[in-house]
Amino acid sequence: MSDTAESAELLREKIMSEPEVVLEDPDVMRALISADESRMGNNVVDLRSVAMGRLETRLGQLEDTHQTVISAAYENLAGTNQVHRAVLKMLDPLNFEDFLLNLGGEVSEILRVDSVRLVLETHQEETDASLDRLGTVLAAAAPGVIAGYLGATDEETQRKVTLRSVSDGADWLYLEGDGHIQSEAAMLLDLGPGKLPGMLLMGAQDPDQFQPSQGTDLLTFFAGVLERSMRRWLA
């Protein structure tokens, strides 16, 4: 037996013993179908190759969708863990000053944002209430400023979390050391009956970090914990 015949016999035995190796290899199957088509001639249409091509396309689409779902699940899990860590850290301080320092320090680092500003409306008359900064995190504003900043209509104002690009008119809300903030998450805070609203701003230099198309469930949860903590501090 020649070497070629011997190799062919070994290949045949291998295929007969493990046919799934051939069936599971798309390149081998494609080569076999192409070889079969060449024997038929150009005037014969093999519907098997057409069907296989469509199945391969659908399989590729399903694999892409599968990978997208897995990636989204991992990102969501990572985001959930990140917010949970930030919430636990936010609950550590035992006084309001430390609470503010922690909010602008370790909490912002965990959330990977470049700026954190807590805006509280007040009736107290100031020379320029909207520019009155109390420390590096807390800022005072005149009544109605938060509603105006969040949107022009009542429906938009009531949104718990707003993700968007930062407009030029927001310069007063960010400190010079924050860098050029290009996107933000604005969270409306309900501080309890009879109290003026508050707002937490998270700013990022990355213009894509906060976009309107992103989900807000985790930030809504974070804002809910923050406003409940604020109610105790302001009681």
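This is a predicted model: local features need pLDDT of at least 70, side-chain atom pairs count only at pLDDT 80 or more; totals for chains, interfaces and linings use all residues.
**A strand on the inside**

Let's start with strand E1, which covers residues 115-121. Seven of its seven residues are buried, so E1 is largely enclosed by the rest of the structure. In a regular strand, side chains alternate between the two faces of the sheet. Here, Ser115, Arg117, Val119 and Glu121 point one way from E1, while Val116, Leu118 and Leu120 point the other way. Both sets are buried.

Strand E1 pairs with strand E6 and with strand E3, as the table shows.

| Partner of E1 | Residues | Sense | Bridges | Example of a facing pair |
|---|---|---|---|---|
| Strand E6 | 198-204 | antiparallel | six bridges | Leu120 and Gly198 |
| Strand E3 | 138-141 | parallel | four bridges | Val119 and Ala139 |

The two example residues of E1 also point in opposite ways: Val119 goes with Ser115, Arg117 and Glu121, and Leu120 goes with Val116 and Leu118.

**The largest pocket**

Now for some open space. The largest pocket holds about 660 Å³. Its lining is made up of 20 residues, and the closest to the pocket centre are Glu75, Gly79, Gln82, Gly215 and Leu218. Two elements each give two or more residues to this lining: helix H4 (47-90) and helix H8 (217-234). Which helix gives the most to the lining? That is H4, with seven residues.

What kinds of residues line the largest pocket? Ten are nonpolar, seven are polar and three are charged.

Definitions and conventions:
Residues are numbered from 1 along each chain as its sequence is written. Side-chain values use heavy atoms; hydrogens and water are left out. On a 1 Å grid over the protein atoms alone, a cavity is a set of points where a 1.4 Å probe fits but cannot get out, and a pocket is an open set with protein on both sides within 12 Å along at least five of seven lines; lining residues have an atom within 4 Å of a point. Grid points are joined across faces, edges and corners, and a volume is the space filled by probe spheres set on the points. Ala, Val, Leu, Ile, Met, Phe, Trp, Tyr, Cys and Pro count as nonpolar, Asp, Glu, Lys and Arg as charged, and the others, Gly among them, as polar. Buried means under 20% relative accessible area, exposed over 50%, partly exposed in between (1.4 Å probe, protein chains only). Two strands pair if DSSP finds at least two bridges between them.
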